[in-house]
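The sequence and the structure come first, and notes grouped by topic follow.

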Amino acid sequence: MTVETIVQSLASGLLMGLLYGLIAVGLALIFGLMDVTNFAHGEFLMIAMYASFFLFTFFAIDPLLSAPLVAAALFVFGAIVYLLIVRFAMRAKANAGMVQIFSTFGLAIVMRGLAQLFFTPDYRSIPQSWLGGKTVSIAGIFLPEPQLVGALVSIAAFVGLYFFIHRTDFGRALEATREDPGAVALVGIDKNRVFAFGWGLGAALVGLAGAIMAVFFYIYPDVGASFALIAYVTVALGGFGSVFGAFAGGIIVGLVEAVTALMLPPSLKSVGIYAVYLLVVFIRPRGLFGSM
């Protein structure tokens, strides 16, 4: 094992970690806003990847160009999911937590089943795109362009989200609603409107990640399951409700995955992720950046 091999592996892990962070940020945003875990988060990613694939197949729109369109479509979809499903689940008088869990879990099963029905279980991919199969060399380290662009998009999206939350009136409304949903109604803030926007924003972030990942990852109905599991671990690692923690946790997960793949067979690369997660749970149960 040479120094070049280690640096190459860490660089690749960092790029994937930034994408993991982008996927997890949407999940953390929803949980921090409403204390609701979206168990259909992976299926949102799957839908985004299929949307990018079909936009390329039928309209020849490169995934890099379709990414904003996919994110906008997922924003609308996320808001509709809240208004038609989650809003009513939150009104449950008994076992509200279980009702919320099973409502999103049931949605995930339905979305996956519909994907298998309409898209078939076949693996699909985007054969030719502007970035597909291209690499760039930086100081002797070869980086795939799709992952590199995805990492840059992830950083830009996170910076944009940070400024939106902390520098705009609606972002402050999100923060205020998270702190005290009952009190904001007294100052004229519509809680349901804020929650719908939060769900839409969380879905848009995972939609952006899905559009980029469609360039270099196979697309099939179960694709979201593995990434959703990593997203849950990432959110728990960074700290539930912490958007920054989710993004930082994604980077840590990507690096740990890369280091594990160097020491163990590639099929066991997830072992390191769960080992680090368990270590953090024992030492700091609220996560690295969580305040709960």
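Phenylalanine 77 is located in helix 3, where helices (H or I, at least four residues) and strands (E, at least two) are DSSP runs numbered from the N terminus. With a relative accessible area of 29%, phenylalanine 77 is partly exposed; buried means under 20% relative accessible area, exposed over 50%, and partly exposed in between (1.4 Å probe, protein chains only).

The model is predicted: local features need pLDDT of at least 70, side-chain atom pairs count only at pLDDT 80 or more, and totals for chains, interfaces and linings use all residues. Residues are numbered from 1 along each chain as its sequence is written, and side-chain values use heavy atoms, with hydrogens and water left out.

**Helix 1**

- Helix 1 covers residues 3-34, and its end C-alpha atoms are 45 Å apart, which agrees with the 46 Å that its 32 residues should span at 1.5 Å a residue; the expected span is 1.5 Å times one less than the number of residues.
- At alanine 24, helix 1 bends by about 25°, the bend being the angle between axes fitted to the seven residues ending there and the seven starting there.
- Aspartate 35 follows helix 1 and has a positive phi, near 60°.

**Contact of helix 1 with helix 10**

- The axes of helix 1 and helix 10 (residues 243-263) come within 6 Å and cross at roughly 145°; axes are lines fitted to C-alpha atoms, for helices over the stretch in contact, and angles run from 0 to 180 degrees between N-to-C directions.
- The residues of this contact comprise 19 nonpolar, seven polar and one charged, where Ala, Val, Leu, Ile, Met, Phe, Trp, Tyr, Cys and Pro count as nonpolar, Asp, Glu, Lys and Arg as charged, and the others, Gly among them, as polar.

**Aromatic pairs**

- Rings of Phe, Tyr and Trp (its six-membered ring) pair if their centres lie within 6.5 Å; planes under 30 degrees apart count as stacked, over 60 as edge-to-face and the rest as tilted. By this rule there are 19 aromatic pairs.
- Phenylalanine 39 and tyrosine 232 form a tilted pair, because their ring centres are 5.7 Å apart and their planes stand at 55°.
- Phenylalanine 39 belongs to the loop between helix 1 and helix 2 (41-59) and tyrosine 232 to helix 9 (residues 223-238), so the pair ties together parts that are 193 residues apart in sequence.
- Phenylalanine 39 is partly exposed at 27% relative accessibility, as is tyrosine 232 at 22%.
- Phenylalanine 164 and phenylalanine 197 are stacked, with 5.6 Å from centre to centre and 25° between the planes.
- This second pair joins helix 5 (residues 145-167), which holds phenylalanine 164, to helix 8 (residues 191-213), which holds phenylalanine 197; the two residues are 33 apart.
- Ring pairs also link Tyr50, Phe53, Phe54, Phe58 and Phe119 into a cluster.

**Positive phi in loops**

- Most residues other than glycine have a negative phi.
- Alanine 60, in the loop between helix 2 and helix 3 (63-89), has a positive phi of about 55° and counts as exposed at 64% relative accessibility.
- Threonine 120, in the loop between helix 4 (96-119) and strand 1 (135-138), has a positive phi near 65° and is partly exposed at 29% relative accessibility.
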